[in-house]
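Please consult the sequence and the structure while reading.

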2 protein chains.
Amino acid sequence: MATAFAVLAEPHRRRILDLLLERPRAVGELVEELGLTQPGTSKHLKVLREAGLVRMRPDAQRRVYELRMEPLAEVHEWLEPYRRMWARRLDALERHLDAMPDLDD
Amino acid sequence: MATAFAVLAEPHRRRILDLLLERPRAVGELVEELGLTQPGTSKHLKVLREAGLVRMRPDAQRRVYELRMEPLAEVHEWLEPYRRMWARRLDALERHLDAMPDLDD
DNA sequence: GGTGTTTATTCCATTGTAGATATATGTCCT
DNA sequence: AGGACATATATCTACAATGGAATAAACACC
């Protein structure tokens, strides 16, 4: 199973996830929104499916796709130490400013 | 400038960022850690540089690379609505459990 | 059973990417 | 200036990914 990072590298696939975040949608809807051909859209959906980022539910001749967020945890967790570092820097800046003499009077 | 998502799709590049999160490093150090050839490492660094994810400071004949986290904000922000959705689901689950009769006695 | 509708699969062409080797550039030291 | 060292760039190759067109498969409806 491909890593979530590789899957998210493709803009159309991020767009698909954004659309599915609002609500589940059939392939046809996604085709319209993306401006891709139907086969192209289906192919991206296959990649997303194999990465566990979407789930498919048949509805007669249609296939309704819905979001599965679990694999996004990988990205969230990778980002974690960077967020921490970012916060630490903000703290340091704040302490720095607090320790500085007032220059504006 | 390439999107941060595309840059992060490559595992070696994520590894480089993780190493630079600890401290700035010269190319040689990164080559050792990655187990890649020097040119290969330099090429990844170029991609990272062009995406604004690292910064280069010459030090004699060495080039010391350090992390720049700003472009990671794009990823963080894209993830935001998913985090919100995730939190909402946890809330719903919690409310659901609270409303359930105790089964364990 | 045939037809229209919806989606998946296959095939092809194009392009992009990662890696390796060889080479160039620039810096230090003597 | 010359040699050693560190890094970047160029070139080549192999492979993967994207997108389109054509085709196949599944289902609904008459």
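## Area of the interface

Between chain B and chain A, about 2200 Å² of area is buried, and carbon and sulfur atoms give 75% of it. Buried area is the accessible area (1.4 Å probe) that two parts lose on being put together, summed over both. In chain B, the residues that lose the most area to chain A are B:Met69, B:Trp78 and B:Tyr82, together 28% of what that side buries.

This is a predicted model, in which local features need pLDDT of at least 70 and side-chain atom pairs count only at pLDDT 80 or more, while totals for chains, interfaces and linings use all residues. Residues are numbered from 1 along each chain as its sequence is written, chains are lettered from A and ligands numbered from 1 in the order in which they are written, and side-chain values use heavy atoms, with hydrogens and water left out.

## Residues at the interface

The contact (heavy atoms within 4.5 Å) takes 22 residues from chain B and 22 residues from chain A.

## Two helices of chain B

Helices here are DSSP runs (H or I, at least four residues), numbered from the N terminus. The axes of α2(B) and α4(B), lines fitted to C-alpha atoms over the stretch in contact, with angles from 0 to 180 degrees between N-to-C directions, come within 10 Å and cross at roughly 75°. The two helices are therefore roughly perpendicular, a term for angles of 65 to 115 degrees.

On α2(B), the contact is made by B:His12, B:Arg13, B:Ile16 and B:Leu17, and on α4(B) by B:His44, B:Leu45, B:Val47 and B:Leu48.

Conventions: Parallel < 35°, antiparallel > 145°, perpendicular 65-115°, else oblique.
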